[in-house]
Amino acid sequence: MRLKTSLLKEPKHKELVSCVGWTTADELYSCSDDHQILKWNLLTSETTRVVKLPDDIYPIDLHWFPRSTGGKKQSHAESFVLTSSDGKFHLISKLGRVEKSVEAHCGAVLAGRWNHEGAALVTAGEDGQVKIWSKTGMLRSTLAQQGTPVYSVAWGPDSEKVLYTSGKHLTIKPLQPNAKVLQWKAHDGLILKTDWNSVNNLILSAGEDCKYKVWDSYGRLLYSSQPHEYPITSVAWAGDGEFFAVGSFHTLRLCDKTGWSYALEKPNTGSIFNIAWSIDGTQLAGACGNGHVIFAHVVEQRWEWKNFEITLIKRRTMEVHNVLNDAVDLLEFRDRVIKASLNYGHLVVSTSLQCYVFSTKNWNTPLIFDLKEGTVSLILQAERHFLLVDGGGLYLYSYEGRLISSPKFPGMRTDILNAQTVSLSNDTLAVRDKADEKVIYIFEALSGKPLGDGKPLTHKAEIVEIALDQKGLTSERKIAFIDKNRDLYITSVKRFGKEQKIVKLGTMVQTLAWNDTSNILCGIQDTRFTVWYYPNTVYVDKDLLPKTLYEKDASEFSKNPQIVHFVGNQVTIRRADGSLIHLNISPYPGILHEYVGSSKWEDAVRLCRFVKDQTMWACLAAMAVASRDMATAEIAYASIGEIDKVQFINSIKELPSKESRMAQILLFNGNTQEAETLLLQTGLVYQAIQININLFNWERALELAVKHKTHVDTVLAYRQKFLEDFGKKETNKSFLQYAEGMEIDWNKIKAKTELEIAQEREGAASGPSVRGSVTVQQ
């Protein structure tokens, strides 16, 4: 990826340009010390003067009123705030009329920013004050007062906090009066510019120490650049938070959100004092010290999938390279490309007005449909359909271009969604809520309605990243997520009434990805790269989980690596310096998943015997128990030396009825409640009581015996024997009450138990109708 820059031969402004701002994706306003505000039209390459300001107004900062306010989206901005050196800020209409001038600070007003909703304005001045104003220019509060000038301010993603500079320090101050203020030393020199992105919640800072840095919202340093030759005078995030631009003397840099640099340009601009990204994030403009305005387009973005490599060579042209046969295709578009995604055999491209869907089998005839909104901020693909996210909502389309659904949830803000907070599979869509980051909304893909009982999934801590598995049955769909403590959890998305178990899979997990062809999960945890070959093991046999993992030392990936994708048996990881590393994992677990998915148990056993790997046998054991194939489970457990489990499986096989076998399998999985419910539903009350006796759930066993008026003496007998073995006396009132006047006769209890088993065998032989009517006399 690089920047394609363009500069006019002669500057249009006579003095330095202090600030720039986009109204639409093709129209820019620039302000200069020559008191002129110019309008640049990029389609016609015309520059016109909007207004000449009075000679005592030297503009410093400009910010357009946000396009989306109160859910209504305007096609272009109508007014802007301009701060100036005379201590005022001015609200100016698009036509250049000064609507209002407000005395704001003593000395120059160095920065002015609207919040994301356009409900408030923050200004910062040479007098060290930070003030909050209403949108009509009425003073609401003075947020901060300090002895040094505040050079730059930025709103937090939720418009509840303000970030401002104080000398070498950065300060985050909430608007609530008594909330905790966060301050830290960020640079060794004066901080000149800062920016806070609402999508990725990361902070940029630039200083006179010639460095730019990336921080998280807690003030932790994520990246620090090498010192440049000159002070960094400007930094700015692109709208989607994927990359940012850095400006300095004769220098313009394009960087990834993790900090490493894609491209460095050395234009003849003097210092770049201000950078503004266009609304669609495809181009930027810079305010230059020599009177120029520099424009730069992001080109040469690359997408890779299997044997295809696609490059955006011009704004409206893509080049497709098939590395298998070296075939090259050129894809031409009517408008400039804004976003693209390549996965599952399809390339989805959104331009400013249309969406194109190409199949990798045929590049000549794309499917084209018009977009409602225009500026797509995110494209996610699954095997059967894809999701477009824009400022107006979430739209799910089939690869034939048919709109499938448009899910909605209360308080939805789509402009701040990214690939970490949205996940898509063939039947499910999951979205992490921004208002409450502990909540994940889960939708049925085809209808757009909330899944299950309609309640969202709630976790105890804030969730950072989510991912849905891609294969298998809808009823078994799982979601993996990382919370802010960097713990990895997995849970089922089908939720009816009872709370599903959220199970912890790992700790200190930086990044995760599901495989595209089978439900294998990989992640980087602490210093190890880990692959969970069968994450569902936690629901089947938790003790088996460590045996189903593959682990590798991850020190070669350096600090903060990110998994880009996990296709087939190849994992692509991007290191902190921007280099890509490709890792191959064993192909056998993927083949095993395929066999088990199509119930080819003999082939699965044959494969494990061929590979002779404990991990494979452990995966097969868990898969077999999950699919209730106890014969295969027995072979697999025997192969990994789990003799106790083999014996238990053999005892299950000998049980007379299907129901009791099923209940024992549920018990084996640790689902005691479900096993008991199943037995009670089929009239096998004695077995339900016996389960609780075996698990020492004495009170529940007695409760069932009393409720069904059977085997009370059995429960009392086993309880008495248990207490005698430990030399204890009965203290439980319920047991004391029922034990009064009841004589324990072990022979009678044994006879009754044998009768139960005989009747169960009879029931199993004569079918469910007879068994359902079996009653037991006490």
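This report describes aromatic pairs and salt bridges in a predicted model.

The structure holds 32 aromatic pairs. One of them joins Trp237 and Phe244 in an edge-to-face arrangement, with 5.2 Å centre to centre and 70° between the planes; Trp237 is buried at a relative accessible area of 6%, and Phe244 is likewise buried at 0%. The rings of Phe409 and Tyr441 are stacked, because their planes stand at 20° with the centres 4.5 Å apart, and planes under 30 degrees apart count as stacked. This pair links distant parts of the chain, since Phe409 lies in the loop between strand 42 (403-405) and strand 43 (422-424), whereas Tyr441 belongs to strand 45 (residues 439-444), 32 residues apart. Phe409 is buried at 9% relative accessibility, and Tyr441 is buried at 16%. An aromatic cluster is formed by Phe308, Phe333, Tyr356, Phe358 and Trp363.

The count of salt bridges comes to 35, including those tabulated here.

| Salt bridge | N to O distance |
|---|---|
| Lys434 and Glu437 | 3.3 Å |
| Glu462 and Lys484 | 3.5 Å |
| Asp543 and Lys645 | 3.8 Å |

Lys434 is partly exposed at 22% relative accessibility, and Glu437 is partly exposed at 24%. Asp543, in the loop between helix 1 (537-540) and strand 54 (549-553), pairs with Lys645 in helix 6 (residues 643-653), so this bridge ties together parts that are 102 residues apart in sequence. Asp543 is exposed, with a relative accessible area of 56%, whereas Lys645 is buried at 10%. Both residues belong to a network of salt bridges that also links Asp541, Lys547 and Glu642.

Key. Residues are numbered from 1 along each chain as its sequence is written. This is a predicted model: local features need pLDDT of at least 70, side-chain atom pairs count only at pLDDT 80 or more; totals for chains, interfaces and linings use all residues. Side-chain values use heavy atoms; hydrogens and water are left out. Rings of Phe, Tyr and Trp (its six-membered ring) pair if their centres lie within 6.5 Å; planes under 30 degrees apart count as stacked, over 60 as edge-to-face and the rest as tilted. Buried means under 20% relative accessible area, exposed over 50%, partly exposed in between (1.4 Å probe, protein chains only). Helices (H or I, at least four residues) and strands (E, at least two) are DSSP runs, numbered from the N terminus. A salt bridge is a side-chain nitrogen of Lys or Arg within 4 Å of a carboxyl oxygen of Asp or Glu.
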